[in-house]
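Trainee: Before we discuss this chain, could we look at the sequence and the coordinates together?

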Amino acid sequence: MIGMTSYDLQACAGIPSATKQLNDTTQIFTYTGTQPQLSYGGSTLIPIGDIVTTIQNLGGGGGTSCTAVIRLDHDRVSDVHYTGNNDEIIGTDGICSIITRGCARQPEGTMKRSAGGIFGPVSAFHPPTTANQTPSATYSIQSGTVVLNPDKKSKEPAIVPRTE
């Protein structure tokens, strides 16, 4: 989805549930998705429900919700983050596929193509590498005048004016 225009993003993922304009060139689109938890009927012969619940609790997974936070820089997708209890038993962020599935099934022309290897650079265990954000996407005038106080023993606030 990296590189996709906001028009193409909305065409394949739908209208975002929330938006936030960060500065003149950067905005955030938020998408939410939920997937019902599978239920298994009780059985006295083979306790399938108990086995599945135990595997989910021990191995991760069993997630039912995801929020996709998508940063657009100059009206193009530059970053995608997922939050929520979104892991499946195998892999991470699996529940989030309900949000981005439309974009993956029918790629838009403005998307960055993923290539490399038999299965590409994307796997169930790690995201593809992306370039760093542009300064306009991460910089604001207000935050540019202050820095994090590096002295852990200081009595000063955690955020202090920039001295440069």
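Predicted model: local features only at pLDDT ≥ 70, side-chain atom pairs only at ≥ 80, totals over all residues.

Trainee: What pattern does the protein chain follow when read along the sequence?
Mentor: The secondary structure comes to five helices and six strands. Taken in order along the sequence, these elements give the pattern α-β-β-α-β-β-α-α-α-β-β.

Trainee: Which element gives the most to the largest nonpolar core?
Mentor: That core has 15 residues, and those with the most contacts inside it are Met4, Leu9, Tyr31 and Ile70. The elements that give two or more residues to this core are α1 (6-13), β2 (26-34), β3 (65-73) and α3 (97-105). With four residues, the element that gives the most is β3.

Trainee: Which residues does Ile70 touch, not counting those up to four places away in sequence?
Mentor: Ile70 is one of the residues with the most contacts inside the largest nonpolar core, and its list of partners also includes Gln27 and Asp79.

Trainee: How many Å apart in space are Gly3 and Ser78, C-alpha to C-alpha?
Mentor: Gly3 lies in the segment before α1, and, leaving aside neighbours within four places in sequence, Gly3 is in contact with Arg76, Val77 and Thr110. Although Gly3 and Ser78 are 75 residues apart in sequence, their C-alpha atoms are separated in space by 6.2 Å.

Trainee: What separation is found between the C-alpha atoms of Ser17 and Tyr31?
Mentor: Ser17 lies in the loop between α1 and β1, and, apart from neighbours within four places in sequence, Ser17 is in contact with Thr30, Tyr31 and Thr32. Ser17 and Tyr31 are 14 residues apart along the chain, and their C-alpha atoms are separated by 5.3 Å.

Trainee: What is the relative accessible area of Asp75?
Mentor: Asp75 lies in the loop between β3 and β4, and its phi is near 65°, a positive value in a residue other than glycine. Asp75 counts as partly exposed, because its relative accessible area is 29%.

Trainee: About how much accessible area do Val146, Leu148 and Ile159 have together?
Mentor: Ile159 lies in strand β6 (residues 159-161), and Ile159 counts as partly exposed because its relative accessibility is 49%. Val146, Leu148 and Ile159 form a nonpolar patch on the surface, and their accessible area together is about 270 Å².

Trainee: What share of the residues of the protein chain count as buried?
Mentor: The protein chain exposes about 11,300 Å², of which carbon and sulfur atoms supply 58%. Of its 164 residues, the share that count as buried is 26%.

Terms used:
Residues numbered from 1 in each chain as written. Heavy atoms only, no water. Patch = residues over 30% accessible without salt bridge, like charges linked within 9 Å, V, L, I, M, F, W, Y side chains within 5 Å. Areas by Shrake-Rupley, 256 points an atom, 1.4 Å probe, with all protein chains shown as cover. Salt bridge = Lys/Arg side-chain N within 4 Å of Asp/Glu carboxyl O. Buried < 20%, exposed > 50% of the residue type's maximum accessible area, 1.4 Å probe, protein only. Core = buried A, V, L, I, M, F, W, Y, C linked by side-chain atoms within 4.5 Å. Contact = heavy atoms within 4.5 Å.
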